[in-house]
Every structure is written in C-alpha cells, then in structure tokens.
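Let us walk through the packing of nonpolar side chains and then turn to the aromatic rings.

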Amino acid sequence: RTNVFAALIGGKDTGKTSAFDYAIKLLDIKSPPLMKLKAGSGEGLTKEIGDVGGSSRLYFTDELAHLLLKMQIQGSAFATILNTIFYEDQQDLVLARNARVNFNCRLSVAGGVVDEMFNDLFGAATTGGFYDRFIFGVAPSGYGYKYREFTGEPALRTPDPGEPEDAFGTDRPVPVDIDRDVWDARDRIAEELKLTAADNRLLELG
C-alpha cells in the first residue's frame with residue numbers, strides 16, 4: 001500500500017503548515033484528491049468521502065489537534081475507523097438511524113502538532129495502533145522558521161477536469177506499486193536487528 005499517515009511535530013513558528021503547503025503546491029495536489037476539512041467523527045469523515053472507487057484521498061487537517069481531540073470523546077470510534085482504513089480501502093458502515101455508508105478510498109492523513117501538546121493529544125485514545133501507524137517529522141531544537149510565500153511552478157502537474165489524461169506526458173504523478181523484494185528486505189532487516197513485533201510496523205512504513 002502506498003498511503004501514509006504523517007504528522008509534523010514542532011513548536012510554534014517552526015513552519016509545519018508551510019512545509020505541507022509547499023509539498024502540496026510542488027506536487028500540484030488539488031481537490032478532490034486533496035481534502036481540507038475538519039470532520040467531527042470517523043463516521044462523518046467516511047460519509048463525506050464516500051465511495052470514490054478506491055481512488056486516493058489526502059485528508060489534510062493542518063492542525064491534527066482537531067482530529068485527535070475528537071478521538072478523546074467518550075465512545076468515539078474515530079481511531080478504530082482510521083486504524084482499519086489504514087489497511088483496507090473498502091468499508092461498509094451503519095450510522096445512526098440505520099443510515100448506511102459505502103466507503104471505498106485509499107486514505108492518507110496529514111497534519112501538524114505543537115510539540116508541547118504531543119503527549120496529551122497522542123494519549124490513551126491513540127495507543128491501540130493509531131499512534132504507530134504515523135510517520136513523524138520533528139523540528140530541530142531551537143529552530144525558527146521565517147515565512148516565505150511559495151513561488152515558481154509545480155514540479156509535477158495534474159490534469160484539470162476535462163483535460164486528457166496524457167496532457168502532460170510523463171511529467172505528472174502516476175500510480176506506483178511496491179515490489180515484493182521490498183518486503184523480503186524488511187524481513188531480513190528485522191531479523192538482523194532482532195526487532196520486536198512492535199518495531200516491525202516502523203520498518204513497514206519505511
């Protein structure tokens with residue numbers, strides 16, 4: 001699978017949002033693949049996305065605190081829903097009043113977290129597998145970011161609606177697959193380093 005859950009960790013004014021902004025503009029990620037929204041629940045998120053035929057979506061929350069605080073509400077299924085979606089595109093959910101949602105999407109999640117809030121936000125509600133599905137990027141100690149507006153053209157371009165798929169030739173994102181040899185290498189590394197089962201997902205994400 002080629003989806004990721006990613007979080008940037010740093011103090012205020014360390015450029016977390018700008019880093020995502022630059023990446024999104026360089027890769028020319030637009031709606032509908034880019035989803036900038038704040039969902040109140042896992043059920044609400046799956047309903048909003050719905051069945052997109054297994055296509056990729058980036059759920060970009062900017063401030064992950066909104067998502068993580070919703071997970072801490074008593075009875076919230078947000079974490080368990082996202083845990084399942086990490087590995088499974090297709091989900092059938094039954095919501096309140098027997099409303100049904102057919103979800104079919106390869107979902108990635110991205111956002112930033114202020115370092116002083118990290119322990120509270122990635123707390124008890126996320127220890128059941130949600131935390132270790134994430135790749136974390138941590139700002140260096142003492143680092144300060146000076147904002148500059150993004151300039152220039154995207155490194156890649158994606159066709160606008162109505163443009164032919166081959167509008168930009170090979171100069172655009174394409175679906176990728178992970179070669180099976182990668183998994184053999186992962187297993188060799190795990191054995192050589194005598195990693196525990198809890199560490200194996202870190203290799204998987206890498």
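Which residues of the largest nonpolar core touch the most other members? In this predicted model, the largest nonpolar core holds 34 residues, and the ones that touch the most other members are L45, Y59, L67, L82, L107 and F130. Two or more residues of this core come from each of strand 1 (5–10), helix 2 (42–49), helix 3 (64–71), helix 4 (78–87), strand 5 (100–114) and helix 5 (118–121).

If neighbours within four places in sequence are left aside, the contacts of F130 are F5, L67, L68, M71, A79, L82, N83 and F122. F130 also belongs to a cluster linked by ring pairs, whose members are F5, F86, Y87, F118, F122, F130, Y131, F134 and F136.

The structure contains 15 aromatic pairs. In one of them, the ring centres of F5 and F86 lie 4.8 Å apart with the planes at 70°, and because that angle is over 60 degrees, the pair is classed as edge-to-face. F5 sits in strand 1 and F86 in helix 4, 81 residues apart, so that distant parts of the chain are linked by this pair, and both residues are buried.

Another edge-to-face pair is formed by Y22 and F150, at 5.3 Å centre to centre and 85° between the planes. Because Y22 belongs to helix 1 (residues 16–26) and F150 to the loop between strand 6 (134–138) and helix 6 (180–193), the pair ties together parts that are 128 residues apart in sequence. Y22 counts as partly exposed at 27% relative accessibility, whereas F150, at 16%, counts as buried.

Definitions and conventions:
Residues are numbered from 1 along each chain as its sequence is written. This is a predicted model: local features need pLDDT of at least 70, side-chain atom pairs count only at pLDDT 80 or more; totals for chains, interfaces and linings use all residues. Side-chain values use heavy atoms; hydrogens and water are left out. A nonpolar core is a set of buried Ala, Val, Leu, Ile, Met, Phe, Trp, Tyr and Cys residues joined through side-chain atoms within 4.5 Å. Buried means under 20% relative accessible area, exposed over 50%, partly exposed in between (1.4 Å probe, protein chains only). Helices (H or I, at least four residues) and strands (E, at least two) are DSSP runs, numbered from the N terminus. Contact means heavy atoms within 4.5 Å. Rings of Phe, Tyr and Trp (its six-membered ring) pair if their centres lie within 6.5 Å; planes under 30 degrees apart count as stacked, over 60 as edge-to-face and the rest as tilted.
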